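Dear colleague,

Please find below the structure that I promised to hand over. My notes on it follow directly after.

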Amino acid sequence: MIKLPINCPYVIGEFEQHAELKQDVLNAINEQEVQGLQESEDAVNITRSDWESARWDYNKKWLHLLGDHFHNHLLKVSKELGYEFYRLKEIWFQQYADQSYHGWHVHGANWTSVYYLDLPDGSPQTEYIVPYEQTDVQTFDIKEGQTITFPSFVVHRAPINNNDKIKTIISWNMDTEIVPGLYSE
């Protein structure tokens, strides 16, 4: 068996309407009736999330508030990665209060993304490892209002939040499409 690494891109981008939309989106998330996620086997202790109930529901108030701005941002990210279109597979939020976390995991689809809606000072950022390269734990250098998009096979986690302030992220999985006919012979 031959193992050849393929270096893969990731994109960190500014969500330009963050300052304008943050509080309304956060309020809509906080008003949503949801549970937390706790799974000891998978090292999951998430304070609040709509993963179980609504990850395929695109009729969420907070998603409507993001609206066309979000769509345009995803188009821009897709093009930055070298693709023409994107297809949103699922989208959800997660909130991390003191001592909550999400252990090592991967996602489905081509790409995984995280929008850091509320990242109080001292909140942990997403960490990742590349198992086939046997690297040490790395941290994506992210700020509030930014999104990160990386290949869904990248092993990542949300480390324990040792902060009395709640961190709120929106995450989604998407596939990308090439420009029809671009690679024809």
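Rings of Phe, Tyr and Trp (for Trp, its six-membered ring) are paired here if their centres lie within 6.5 Å, and a pair counts as stacked when the planes are under 30 degrees apart, as edge-to-face when they are over 60, and as tilted for the rest. This is a predicted model, in which local features need pLDDT of at least 70 and side-chain atom pairs count only at pLDDT 80 or more, while totals for chains, interfaces and linings use all residues. Residues are numbered from 1 along each chain as its sequence is written, and side-chain values use heavy atoms, with hydrogens and water left out.

One aromatic cluster is formed by Tyr10, Tyr128, Phe140 and Phe150. The structure holds eight aromatic pairs. The ring centres of Tyr83 and Trp111 are 6.2 Å apart with the planes at 65°, so this pair is edge-to-face. Because Tyr83 lies in the loop between helix H3 (61-80) and strand S4 (85-96), and Trp111 in strand S6 (residues 111-118), the pair ties together parts that are 28 residues apart in sequence; helices (H or I, at least four residues) and strands (E, at least two) are DSSP runs, numbered from the N terminus. Trp111 is buried at 6% relative accessibility, whereas Tyr83 is partly exposed at 26%, where buried means under 20% relative accessible area, exposed over 50%, and partly exposed in between (1.4 Å probe, protein chains only).

Asp24, in helix H1 (residues 18-31), is partly exposed as well, with a relative accessible area of 44%.

With kind regards
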